[in-house]
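Hi,

Here is the structure I said I would pass on.

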Amino acid sequence: MSAGDSGGFYQSVAVFRGFRSLMDPALYAPLPDDWTIGVADIVDSTRAIAEQRYKSVNMAGAAVIAAVTNALQGREFPFVFGGDGAGFAVAPADLAAARDALAATAAWVRDELGLTMRIALVPVAAIRAKGLQVRVARFAPSPHVSYAMFAGGGLGWAEAAMKRGEFSIPPAPPGTAPDLSGLSCRFEEMPARRGVILSVLIMPTAQADPAAFRILIEDIVSLIERSPEAGRPVPSEGPRLRWPPQGFDLEARAERGGSLTLRRAALLVQTLFSYLIMRLGITVRGFVPRAYLTELVENSDFRKYDDGLRMVVDCAPELADALEQKLATAAAAGVARYGVSRQQSAMVTCFTPSVTRSDHVHFIDGAGGGYASAALALKAMPDRAVA
């Protein structure tokens, strides 16, 4: 695809439905050379988790996606939520808007959440110059949304380069607020119904045989999908609500305009109205609560691929043990590195640009450390076969 028409690249990527197919290379298309990868993560997320601030960490990661989406006025672009951060790719025409949104988000995370967010913009051409690739596929968990899958090693390299201080961009000045319209975390945590919420991160080792790694991932996905003892962590009826919502203060901090006290007061009224509508099942101006909850379950982003498999599943402890044993065997063979985190509940962070549309997205993670804790365990694992 030439530079002149690369802006329409993502819309041209075919959507696939069966998650078991995620390792099929035919589903992935290379990003154009003139695109740019954006990456962000929270510095020292381990300490934030130890301080019971994982809801803030998740909110920060989701804020990157919300801010860039709003800056691009809803135009589709590939993104992936990583728990304590996010990655995305944009066309040349959207780069300036994405840069401003990313810088504003880092400033907001610093000013409102008291966390430090690293951010970087990495040209795809720079990644290819290192001999790596960035390919993207589109997985649709429902007819309403699709989520990007990344392969080729390029996104992982971009994240590592960011952590080395390369391609970094500075946060915006204090007081700069991104447009986070639609970002919320009003639902309660979702307790495990089968025994344990398992957050899993599986990456290939540096010397892994691609065919062996593909077989491993396909086996893991197939095992979970076939098992009656595993499933999505979102209950079929949707997560519970209470008032005031658990994430009330975080959502107030995401609002723009006025003092935090005034934002909290206005949000108290708004969330009470929303709570009553949801609790009583009242249809208001085209918003149908039961339909929204059904779509929330169907649209939930609880599994993805970004140079490795990430997933959050509700499963029996015995199945979790079997998965860990399978992964330990793969690690000993030099096929994969992995990290897991066991928790008693999952959490959801929502991005709903319009309550009357069906394309709202919901990012799922474990509520006790989730992907960030799994990543910490993965980092402690050697990138080679275990003797």
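Contact here means heavy atoms within 4.5 Å. Please keep in mind that this is a predicted model.

Let me start with Gln343, which sits in strand S16 (residues 336–343). Leaving aside neighbours within four places in sequence, Gln343 is in contact with Val196, Ile197 and Ser199, and also with Gly366, Ala367, Gly368, Gly369 and Gly370. Gln343 has a relative accessible area of 4%, so it counts as buried, the cut-off being under 20%.

The largest nonpolar core holds 101 residues, and Leu22, Phe88, Ile202 and Leu309 have the most contacts inside it. Helix H3 (residues 54–71) supplies the largest share of this core, with 11 residues. There is also a second, separate core of 23 residues, with Leu31, Val122, Val124 and Met162 among them. As for Phe88, its contacts beyond four places in sequence include Val64, Val68, Phe77, Phe79, Leu102 and Leu121.

In soluble globular proteins, nonpolar side chains tend to be buried together. What, then, forms a nonpolar patch on the surface? The residues are Trp243, Leu268, Leu272, Leu276, Leu280 and Ile282, with about 500 Å² of accessible area together. Ile282 lies in the loop between helix H9 (260–280) and helix H10 (289–299), and it counts as partly exposed because its relative accessibility is 37%.

Best wishes

Notes
Residues are numbered from 1 along each chain as its sequence is written. This is a predicted model: local features need pLDDT of at least 70, side-chain atom pairs count only at pLDDT 80 or more; totals for chains, interfaces and linings use all residues. Side-chain values use heavy atoms; hydrogens and water are left out. A nonpolar core is a set of buried Ala, Val, Leu, Ile, Met, Phe, Trp, Tyr and Cys residues joined through side-chain atoms within 4.5 Å. Buried means under 20% relative accessible area, exposed over 50%, partly exposed in between (1.4 Å probe, protein chains only). Helices (H or I, at least four residues) and strands (E, at least two) are DSSP runs, numbered from the N terminus. Patches are made of residues with over 30% relative accessible area and no salt bridge: like charges are joined within 9 Å, nonpolar side chains (Val, Leu, Ile, Met, Phe, Trp, Tyr) within 5 Å. Accessible areas come from the Shrake-Rupley method with a 1.4 Å probe; for residues, only the protein chains shown count as cover. A salt bridge is a side-chain nitrogen of Lys or Arg within 4 Å of a carboxyl oxygen of Asp or Glu.
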